Amino acid sequence: MKPTLQHEIEQFLFREARLQDDRHWDDWLACYHPQVEYWMPAWGDDDCLTTDPQRELSLIYYPNRDGLEDRVYRIKTERSAASTPEPRTTHQVSNVELLSSNGEQHEVRYNWSTLSHRYKKTDLFFGHSLCTLMSGDNGFVIRRKKIQLNNDYINHVVDIYHL
């Protein structure tokens, strides 16, 4: 029996989360298209998310994969005080919903939570993501990822491994 598109998308998202937990950064980067837009808007004073990463504050914004690659380089080479030592993480993905599909491009929404343990303290991050996935010869790649962090009042820097 051939897996359904829904199942294939879920397996891809589970794999992306596992690669982060296992710190397989190069394989994790391969999940992203070179022109990916990776964006986590900030919550504004009126309890609404910012809408323009070029004009408003974002918690994370990379207009392409170069920013993710730089971040991974800093993590791997311990040139990031914010991620030294790296936290132990467990990512959970749920409520995966295929919003639309045209055969080549798929709009997906899913909930996520991440447990992060560092310095004898465990933090919980949670929210949802909207992704545009593109089908290719080697499976899916993420072309756009918008991350909504719902518990943004936290006591330290948020990084890519928290999401």
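How many disulfides does the structure hold? A disulfide is a pair of cysteine sulfur atoms within 2.5 Å, and the structure holds zero of them. C131 is in no disulfide, and the nearest cysteine sulfur, that of C31, is 11 Å away.

The structure is a predicted model, in which local features need pLDDT of at least 70 and side-chain atom pairs count only at pLDDT 80 or more, while totals for chains, interfaces and linings use all residues. Residues are numbered from 1 along each chain as its sequence is written, and side-chain values use heavy atoms, with hydrogens and water left out.

C131 is buried, with a relative accessible area of 1%, whereas C48 is partly exposed, with a relative accessible area of 42%. Here buried means under 20% relative accessible area, exposed means over 50%, and partly exposed lies in between (1.4 Å probe, protein chains only).

**The nonpolar core**

A nonpolar core is a set of buried Ala, Val, Leu, Ile, Met, Phe, Trp, Tyr and Cys residues joined through side-chain atoms within 4.5 Å. The largest such core has 34 residues, of which W28, Y38, L68 and I160 touch the most other members. Helix α1 (residues 5–21) gives the most to this core, with five residues. Helices (H or I, at least four residues) and strands (E, at least two) are DSSP runs, numbered from the N terminus.

Contact means heavy atoms within 4.5 Å. With neighbours within four places in sequence left aside, L68 is in contact with W28, L29, Y32, V36, Y38, Y62 and I160.

**Aromatic pairs**

Rings of Phe, Tyr and Trp (its six-membered ring) pair if their centres lie within 6.5 Å; planes under 30 degrees apart count as stacked, over 60 as edge-to-face and the rest as tilted. By this rule there are five aromatic pairs. One of them joins Y38 and Y62 and is tilted, at 6.3 Å centre to centre and 35° between the planes. Y38 lies in strand β1 (residues 32–41) and Y62 in strand β2 (residues 58–62), so this pair ties together parts that are 24 residues apart in sequence.

Both Y38 and Y62 are buried. Together with W25, W28 and Y32, these two residues form one aromatic cluster.

**Threonine 132**

T132 is placed in strand β5 (residues 121–136) and is buried, with a relative accessible area of 9%. Apart from neighbours within four places in sequence, the residues in contact with T132 are Q105, H106, E107, V141, I142, R143 and R144.

The side chains of T132 and E107 are joined by a polar contact of 2.9 Å. A polar contact is a pair of N or O atoms within 3.5 Å; within protein, one must be able to donate a hydrogen and the other to accept it, and residues adjacent in sequence count only if both atoms are side-chain atoms.
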